[in-house]
Structure formats: C-alpha cells, structure tokens
Amino acid sequence: MMSDGSRKRLSDLNIGDTVLSVNSASGELEFSPVILFLDREPTEVRQFYSLLTENGHSLTLTPEHLMYSHFAEDAIQAEFEAVYAKDVQEGDFVLVSTGRGDLERVRVTQVEMRVLTGVYAPLTSAGNLVVDNVVASCYAVVDSQNIAHAAFAPLRWASHLYTNEITTGIHWYARALYSIAEVVMPRHLQLP
C-alpha cells in the first residue's frame with residue numbers, strides 16, 4: 001500500500017515510493033520510502049512459500065525471506081520474531097494490518113510451496129513492509145532482523161547519495177555482506 005492509499009505490485013515499485021511498514025521502535029504502522037532493491041530478478045524462476053491466513057490474506061516469499069511469526073495464540077506483537085518463511089507452519093500466527101491503522105495476529109491456515117517467476121526484495125528505511133496486509137521483513141538469508149537491519153544501515157544512511165536507478169540482480173552491497181557473513185557468522189545464514 002502506498003502513502004496515497006493506492007496499491008502497487010512489488011514488481012511495479014520505484015525507488016522513492018513510500019509504502020506501508022511498521023516502526024520497529026513503536027510497533028505502529030507508518031509509511032517508509034523504498035531506498036533500493038536488495039534483489040530484483042523479474043525473469044528468475046524460484047521456489048516460494050505461499051502463506052494463507054484465516055482471514056483470507058496471503059503472502060508469497062522465497063524460503064529464506066524473513067517474516068514475523070509466533071506460534072502462540074496469546075503472543076503480543078513484541079513477541080513476534082523474524083523467521084524464515086520456510087519455518088512458518090499452519091497454526092502459527094503472523095502480523096496483519098487491519099486496515100484501520102492497527103496490527104493484529106492472525107493464524108496461518110495453509111502453507112503451500114510454489115514455483116513462480118520474479119523475485120523482488122525492496123529495502124525500506126524501516127527494514128520491513130506490509131505486503132497484501134501481512135508484515136514482512138525486507139531481509140533474507142540472515143536469520144536475524146536486528147543483524148540484517150544493522151548491517152544494511154550504511155545503505156539506509158547514504159540513500160540520498162545514489163540515483164533512483166533500479167538494477168537487476170542482487171545488490172552489490174548485499175552480495176558483499178553475504179560473502180563476509182559466510183566467513184564471520186555462517187550459523188546465521190541460510191543461503192538459497
């Protein structure tokens with residue numbers, strides 16, 4: 001969802017678009033600018049996990065993409081952790097935007113593997129975004145939202161210095177971080 005209330009597909013997002021996200025400090029919904037794409041492969045065929053919730057919302061992500069989930073029905077928002085999409089199971093809960101400016105926990109009723117074409121991973125200032133009303137991280141491969149968000153801080157801080165050009169493939173900075181992480185912290189990685 002865009003700041004003007006319209007909706008765009010991830011494939012149609014542009015750098016500078018302002019999208020619905022969650023403020024990590026307050027837990028409130030806010031709009032955050034798209035800084036760049038960490039990965040953008042319109043023609044790549046990949047395996048995805050599609051998650052369907054009890055209220056009809058769905059989210060489709062690569063297996064190594066992070067999203068917010070919890071297994072307990074009475075979990076509060078602060079207890080939701082970023083986990084790999086492949087680790088979310090039927091019966092787990094995800095965070096969903098109510099459309100009234102709030103987030104609620106909603107049960108996942110179906111998890112399905114699919115093969116689809118097109119990979120899109122926009123990076124927002126907030127480090128997350130709401131896709132089809134479900135909260136998802138901007139990050140993948142690293143098993144911690146906090147580590148990933150800290151590692152990509154230089155890109156967020158310097159976002160005003162580079163152009164609005166959208167490139168194809170994994171962003172050079174992300175590729176460099178993954179190479180370093182393979183040596184420094186391999187147990188935190190889940191490479192595709």
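Here are a few exercises on the structure above, each followed by a worked solution.

**Ground rules**

This is a predicted model: local features need pLDDT of at least 70 and side-chain atom pairs count only at pLDDT 80 or more, while totals for chains, interfaces and linings use all residues. Residues are numbered from 1 along each chain as its sequence is written, and side-chain values use heavy atoms, with hydrogens and water left out.

**Exercise 1. The overall picture**

Work out which pattern of helices and strands the protein follows along the sequence, and how its radius of gyration relates to the globule rule.

Step 1. Start with the elements: the protein has 3 helices and 10 strands. Helices (H or I, at least four residues) and strands (E, at least two) are DSSP runs, numbered from the N terminus.

Step 2. Along the sequence the pattern reads β-β-β-β-β-β-β-β-β-α-α-β-α. The radius of gyration is 16 Å, close to the 16 Å that the globule rule gives for 192 residues, so the protein is as compact as a globular protein of that length. Here the radius is taken over C-alpha atoms, and the rule is 2.2 Å times the number of residues to the power 0.38.

Step 3. Look at contacts, meaning heavy atoms within 4.5 Å. Of the contacts with a separation of 6 or more, 59% are between residues 24 or more positions apart.

**Exercise 2. Surface and charge**

Find what share of the residues is buried, and how far apart the centres of the positive and negative side chains lie.

Step 1. Buried residues make up 48% of the 192. Buried means under 20% relative accessible area, exposed over 50%, and partly exposed in between (1.4 Å probe, protein chains only).

Step 2. The protein exposes about 9,800 Å², and carbon and sulfur atoms supply 50% of that area. The areas come from the Shrake-Rupley method with a 1.4 Å probe; for residues, only the protein chains shown count as cover.

Step 3. For the charges, there are 13 positive and 24 negative side chains, and the centres of the two sets lie 3 Å apart. Lys and Arg count as positive and Asp and Glu as negative, with His and the chain ends not counted. Each charge is placed at NZ of Lys, CZ of Arg, CG of Asp or CD of Glu.

**Exercise 3. Strand β6 and its partners**

Determine which residues of β6 lie on each face, and which strands pair with β6.

Step 1. In a regular strand the side chains alternate between the two faces of the sheet.

Step 2. Apply that to β6 (residues 93-97), where 5 of 5 residues are buried. F93, L95 and S97 are on one side, V94 and V96 on the other, and both faces are covered.

Step 3. Now the pairing, which requires that DSSP finds at least two bridges between two strands. Strand β4 (residues 65-70) runs antiparallel to β6, joined by 2 bridges, and S69 stands opposite V94.

Step 4. With strand β7 (residues 103-124), β6 pairs in the antiparallel sense over 5 bridges; F93 stands opposite R107 there. The hairpin of β6 and β7 has 5 residues between the strands, and G99 takes a positive phi near 90°.
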